[in-house]
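Hi,

Here's the structure I promised to pass on.

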Amino acid sequence: MAEFAGFEMPIQYSGIVAEHNATRNSVGLFDISHMGRLRFEGPRADQLLDHLLTRRVTDMQIGQVRYSLMCNEEGGVLDDVLVSCLESPSSRQYFLLVVNASNRMKILHWLQPHLADFPDVTLSDVTEQTAMIAVQGPQAVDLCQRLFSIPLDSMGYYRAKVTQQMGKPTIISRTGYTGEDGFELIVRADDAQRVWENLMLAGREQGIMAIGLGARDTLRLEAGMPLYGHELDETIDPIRAGLGFAVNLKERTFIGSESLAKIQSQSLSTTRVGLKLEGMRAARQGATILDSDFRTIGLVTSGSFSPTFNQPIAMGFVDAAVAKDGANVEVDIRGSRVSAKLSPLPFYRRKSSAK
Amino acid sequence: MTIDPKKLRYASTHEWVDIGSDGVGTIGISAFAVKELTDLVFMALPKIGQKVSASQEFGEVESVKAVSPLYSPVSGEVVAVHEELVDQLETLNEDPYTQGWIMKVKLSDPSEVSKLLDFAAYTAQCGE
């Protein structure tokens, strides 16, 4: 077990490779209760969030989910988040913001002065009274369909719904952090164990496995997804991180928008890339990336052995001028040079996708 | 010859040593360490003739999870290296003691062995 943002989390349940492969080939179950869950309610909740997030919130319809960033005035990333527009069983519209566990307290603090400007908006941190479970993999839809009465196959990607699982209130969203199809469920903390057991039992024939933090990291790395503290931090802007798609500057202003407009109009200095390494040694965070003349051109931000490709892969930032797919580079792994090739992201893309 | 883990001495960093009558120690890593690392993908070995010192790094083992240095439990000169192990790291899962030895060291200071943990003390440290 490892301590992570105040939660005791298993790095692995049965083994990283076995758990990784179960998610890629069948279905994996993730306890992601550590993620922060913040609920915003009130007539101007959408305007408050629109002021704080890089994507538009004011036009969101009930059932929509958007990946977005929260930036500081300089355009540095405070956190990457999922914002959902939901309707409670009593027909009240609210917004749910899922933030990184390690950033939850920082974001709650960051929100305070802005909340004061929107006195009609109430924020509740529901992280501790709820739990969050991800069901990911090609069998995830089939498995969940056996436990939910609403049709799931027709539920679009990045859609969410307030429903129930065997009488237990559940928010289900077609989202994930693995590169696979699947869902993320939010349930009451008191119901979490029962929901987890229901899923484990229902998925037994499909070979469902519980997935720890280790495989969660290898899965998201193959899917080219950034992890806060690695590919994202307050000194990195979304454009450089390759997340320009999550920044909407058109006819709107939000915290950081001025800086981001300026950054977008300039040419990039460094940019996020993928690397495929020769040999079996993985380049970890902080390893130097060099060109063929051994000049430093960048740094590795995440790296691991990839169970899917059976070779080490990494993400990092390099000088934008040399960031060409297929370029040969060297990585310094604790004093020895290993050859690598820049690779397009994501490394892994699933074959079929949700509607 | 089978190595009995109960008769070995251990470093707190999870390496074991089996001292032979010829003053040569056979060194490997414990089943506990292998279980904790899991999914081993790479091991960097020392060279024959290399001098190693107690508690100093002599190589590294890498799993999908992390890279971990290997520390020598004793000081001396490397007289044999298990080269084949690198290509069959799964051996360590099956038999980390007899088949999974990593190197043999001619001890320069046999008194160091008394500072190592016995099986009971080592397993107590691992909380098993």
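This is a predicted model: local features need pLDDT of at least 70, side-chain atom pairs count only at pLDDT 80 or more; totals for chains, interfaces and linings use all residues.

Let's begin with chain A. You'll find 7 helices and 19 strands in it. Its radius of gyration is 20 Å, close to the 20 Å that the globule rule gives for 355 residues, so chain A is as compact as a globular protein of that length. Of the 355 residues, 43% are buried. If you take the contacts between residues at least 6 apart in sequence, 68% of them join residues at least 24 apart.

One residue I'd pick out in chain A is Ile313(A), which sits in strand E17, residues 311-319. Is Ile313(A) buried or exposed? It counts as buried, because it has 26 C-beta neighbours inside 10 Å, and the cut-off for that is 20 or more. Leaving aside residues up to four places away in sequence, Ile313(A) touches several others, including Leu221(A), Glu222(A), Gly274(A), Leu275(A) and Phe347(A). For Glu205(A) it's another story: that residue is 108 residues away along the chain, and the two C-alpha atoms are separated by 32 Å.

Now for chain B. It has 3 helices and 9 strands, and from the N terminus on they run β-β-β-α-β-β-β-β-β-α-β-α. A compact globule of 128 residues would have a radius of gyration near 14 Å, and chain B agrees with that at 13 Å. The C-alpha trace spans about 35 × 35 × 30 Å along its principal axes. Buried residues account for 41% of the 128. Among the chain B contacts between residues at least 6 apart in sequence, 62% join residues at least 24 apart.

There's a sheet in chain B to look at too. Three strands make up an open, antiparallel sheet in the order E4-E6-E7. Which strands are at its edges? Those are E4 (40-44) and E7 (67-71), and each pairs on one side only. From one strand to the next, the twist averages 20°. E6 (residues 57-63) pairs with E7(B) over 5 bridges, in the antiparallel sense. To see a bridge for yourself, find Glu62(B): its bridge partner in E7(B) is Val67(B).

Cheers

How values were computed:
Residues are numbered from 1 along each chain as its sequence is written. Chains are lettered from A and ligands numbered from 1 in the order in which they are written. Helices (H or I, at least four residues) and strands (E, at least two) are DSSP runs, numbered from the N terminus. The radius of gyration is taken over C-alpha atoms; the globule rule is 2.2 Å times the number of residues to the power 0.38. A residue is buried if 20 or more other C-beta atoms lie within 10 Å of its own, exposed if 12 or fewer, and partly exposed in between; C-beta atoms are placed from the backbone. Two residues are in contact if their C-beta atoms, placed from the backbone, lie within 7 Å. Two strands pair if DSSP finds at least two bridges between them. Axes are lines fitted to C-alpha atoms, for helices over the stretch in contact, and angles run from 0 to 180 degrees between N-to-C directions.
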